[in-house]
Amino acid sequence: MDQLIFASEVMLNGLMTGVMYALVALGFVLIFKASGVFNYAQGVLALFAALTLVGIQNGQVPFAHLINAAFGTSLHHFGWTVPSVLAIALTALVMVGLAFLIEKLVLQHLVGQEPIILFMATIGMAYFLEGLGDVMWGADIKTLDVGLPQGISESIETVTDSWFGYGYFIDRLDIWATVIAALLVAALVAFAQYTKQGRAMRAVADDHQAALSVGISLRFIWVMVWSIAGFVALVAGIMWGTKSGVQFSLSLIALKALPVLMLGGFTSIPGAIVGGLIIGVGEKLFEFSIGPMVGGATENWFAYVLALLFLVFRPQGLFGERIIERV
Amino acid sequence: MNSMTSDGYITADGRQIGGKLMELKNITLRFGGVVAIKDISFDIRQGEIRAIIGPNGAGKSSMLNVVSGFYHPQDGEVWFKGSRRQPMKPHQVAGHGVARTFQNIALFDGMSVLDNIMTGRLNKMKAGFLSQAIWWGKAEREENENRAVVEQIIDFLEIQNIRKTPVGRLPYGLKKRVELARALAAEPQLLLLDEPMAGMNVEEKEDMSRFILDVNDEFGTTICLIEHDMGVVMDLSDRVVVMDYGRKIGDGTPDEVRNNQQVIDAYLGVAHD
Amino acid sequence: MLYREAGDFKTSYRDDSQTFPIKLERWGYYAVVAVAFGIVPFVINDYWASAVLVPFLIYAIAAIGLNVLTGYAGQVSLGTGGFMAVGAYAVYKLMTAFPDVSLLIHVVLAGAITAVVGVLFGLPSLRIKGFYLAVATLAAQFFLVWLFNKVPWFYNYSASGQITAPTRTFMEQAISGPAASASAKYLVCLVFAFLVAWMARNLTRGSIGRRWMAIRDMDIAAEIIGVNPLTAKLSAFAVSSFFIGIAGALLFSVYLGAAEVGEAFGINKSFLVLFMIIIGGLGSIFGSFAGAAFLVLLPVLLKNLLVGNLGWPTDLAAHIELMIVGALIVTFLIVEPHGLARLWSLTKEKLRLWPFPH
């Protein structure tokens, strides 16, 4: 019985992690659908967004490190702080600008290339952005606080204690993150399904040429989806950054979204959501039940192996369509 | 008029055609609920040029895929070289003496013309892994022997000057010729050509027709082809199967087919009342 | 002597299909080999061995391995780091279990073990393609690193969790461990790099290579002309992993001497080798060397320039290096997807026609 209650707590935590995975995976799916690019840099975007947010909040001088080294100055801060809301808005602007630059400098020149080439280009972009983030804001671990509540939720602990005689330990930040992520997921789905831009985006995903011929601007759509992806990255960056500090490991969350995508299919929005939940719950339960026997830290690979085994039996993913090969 | 005998016939231009190389009996092919081919029977005889024609969507390409062994019909039997063919994997087909070209050119763009044609010889190359790794003994000998065969085909199809050119850089008409060369390199008993003249200009069509006839004449290869251009088909082929909506509506010499009322209806359209 | 084919008549198919068909190029190749084997070992010092030449040769082996799989057979892999780890841990276990057997044999055996593991993780390639497969190979990367980190048997229960290479000799010269001299390390790596490049060249010019390239360029057509995708893909995984395993074994035993799996063989190693073949040239043995040289030299040069000359802090230099590498990858993919090897062959093309370009 106790085991069952523990397991249910683990599952709950897994579900909450899963929603975050779903959010990151959604960023991938949107870009993939609209531009056929499998964006490996998504995680680094989150890191970059979080770094920029902290930097703006604390009034850091961008490129201080570089300027100091080059000119022998000793700049570090402007000496002001920026309120969270304004800082978030400014960061969102930076992300839109970044989306614009990516479209202009990279994607435009790679139109019509094979998907795998585009994928490798985004790996290059990830390296560049990682370096840029570090050069701009410094590589030290930073704390991020935008006023989200943190700490163990006492009310849940008391309530569950009175029900099962065991209080669930659940971080309030996780609850907030879950709610915000769920809202954002819902908003994105609604955007893709019901707005004019969303329809245009899906049209582009179906067929670039056909979309062009009915007067949809590819460039606009691409800048738009990359901005959305940047925004999703910002939200993910805030959540994860608040939780465990802004540092390189933040960019690894994107790696976690990859098996989610393999499970759900690269083009399916419901797939990203369901896949995210399955991976979130699956890896937590596996770590809880099998982990102790094999030395723990199974979260590092469980998702991949699960997705791999799944794909071998169903190559098109959970919601993908069956592929018929023709000659 | 051809004189038909039990094990062959003499063509209008006096060539002796042999017995049945392939026989298809009551073939039916379905994709899910869609019937692509319905109850079709015909045969392909040793040494002849056999054409399959029909309007768009008639099921010609599906038929060719059945002949090649890429699709397995749900009903019916395929007899090849006197024995019934069992379902097999696509890569095993080539080993049974069937080679083909594709409607949308399927060459290996990253490789040179020579390497592309050499891939046609892969079934004949058996050198072991180690021998290849150290390029000694069988690997090198076999490479040079097969290269000699390929060079003959290159000469035959008059593409000596583009031997080392990457295939991606070639114009369309030459690509089609390289594809034919690759199929010939396998020394097939049955050569399948999927719209060998699609998208060509008159001159290229004439060249290609000449090569097809020469292949048949010089190597004695049996050829089965799909083609849209009626003029070309009627000139080239010894016998023609006409398909429409997945059914066979005519079968015979070009002259017979030309005068078949059903075929005329299918091609010119007929008032439905 | 000009760079010309004219007058250099080939009278057999054997001559026509040799690796360096042009005389000048052939002589250039002989000269490079002669210098590498005959002169460099006598003039090499510790700095050149450990900063440039030894890592260059080892990464060139790894890049050739990945190029077989990705450049020739078209299967993108992000698991190179994991496979190198297999080679490193295999050679470590072999070295410590059979101390009397030559290290050189152990390195080859470690390659063979890696080949088996590679085939195992290559099995999904029969069902999944493109970046589904690329992501699937990440499973190998993460699982293998985790395995070597968590199962103490692999690191002989050492307290630090590290593996340390004991000293092994060949013809009474130490080739691993702290006593190994710069020229001994260099020669061992050179011999392996030479053999691997030679074998890779042979395999890619013959029927196996054509099978790989056919699968890469158009898998369905390849199948229909008689290429068995099972054997073609798995043989590519086997050969690739064999080479990568050798690279991992050498990296650990000869170059690093001690290694911690997450640090030495993490995902970044996978990307590093992938970048080498993108920059060098997919589907080119020469490109594997060029890419390895480029990415081994770049940090050294940047460090000399930024830290040595300008006196900038090392971490800043490292971050700038990240930016440069990333930007280079994107630039290469945009401007010259075939990498340095293609630039080289274009130059040669120009040279053949020079001074009459039309």
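At what angle do the axes of helix 8 and helix 10 of chain A cross, and within what distance do they come?

## Helices 8 and 10 of chain A

In this predicted model, the axes of helix 8 (residues 196–206) and helix 10 (residues 218–244) of chain A cross at roughly 105° and come within 10 Å. Because angles of 65 to 115 degrees count as roughly perpendicular, helix 8 of chain A is classed as roughly perpendicular to helix 10 of chain A.

Helix 8 of chain A contributes Gln197(A), Ala200(A), Met201(A) and Val204(A) to the contact, and helix 10 of chain A contributes Leu218(A), Ile221(A), Met224(A) and Val225(A). By class, the residues of this contact comprise 7 nonpolar, 1 polar and no charged.

## Helices 2 and 11 of chain A

A further helix pair in chain A consists of helix 2 (residues 42–57) and helix 11 (residues 253–264), whose axes cross at roughly 145° and come within 7 Å. The crossing of helix 2 of chain A with helix 11 of chain A is right-handed.

On the side of helix 2 of chain A, the contact involves Gln42(A), Gly43(A) and Ala46(A); these meet Ile253(A), Ala254(A), Leu255(A) and Ala257(A) of helix 11 of chain A. The residues of this contact divide into 5 nonpolar, 2 polar and no charged.

## The sheet of chain B

Chain B contains an open sheet of 6 strands with mixed pairing, arranged in the order 9-10-11-6-12-13. Strand 9 (98–100) and strand 13 (247–252) of chain B are the edge strands, each pairing on one side only. From one strand to the next, the twist averages 20°.

Strand 13 of chain B runs antiparallel to strand 12 (residues 239–244) of chain B, and 5 bridges join the two. Within this pairing, Asp251(B) in strand 13 of chain B stands opposite Val241(B). Helix 1 (residues 60–68) of chain B lies across strand 6 (49–53), strand 9, strand 10 (190–194), strand 11 (222–226) and strand 12 of chain B, at about 155° to strand 10 of chain B.

## The contact between chains C and A

Chain C supplies 36 residues to its contact with chain A, and chain A supplies 39 residues. On the chain C side, helix 7 (130–150), helix 10 (219–224), helix 13 (267–280) and helix 15 (314–335) of chain C each provide at least two residues. Helix 15 of chain C accounts for the largest share of that side, with 13 residues.

The side of chain C that touches chain A has 30 nonpolar, 3 polar and 3 charged residues.

Methods. Residues are numbered from 1 along each chain as its sequence is written. Chains are lettered from A and ligands numbered from 1 in the order in which they are written. This is a predicted model: local features need pLDDT of at least 70, side-chain atom pairs count only at pLDDT 80 or more; totals for chains, interfaces and linings use all residues. Two strands pair if DSSP finds at least two bridges between them. Helices (H or I, at least four residues) and strands (E, at least two) are DSSP runs, numbered from the N terminus. Axes are lines fitted to C-alpha atoms, for helices over the stretch in contact, and angles run from 0 to 180 degrees between N-to-C directions. Two residues are in contact if their C-beta atoms, placed from the backbone, lie within 7 Å. Ala, Val, Leu, Ile, Met, Phe, Trp, Tyr, Cys and Pro count as nonpolar, Asp, Glu, Lys and Arg as charged, and the others, Gly among them, as polar. A crossing is left-handed if the near helix is turned anticlockwise from the far one by less than a right angle, and right-handed if clockwise. Angles under 35 degrees count as roughly parallel, over 145 as roughly antiparallel, 65 to 115 as roughly perpendicular and the rest as oblique.
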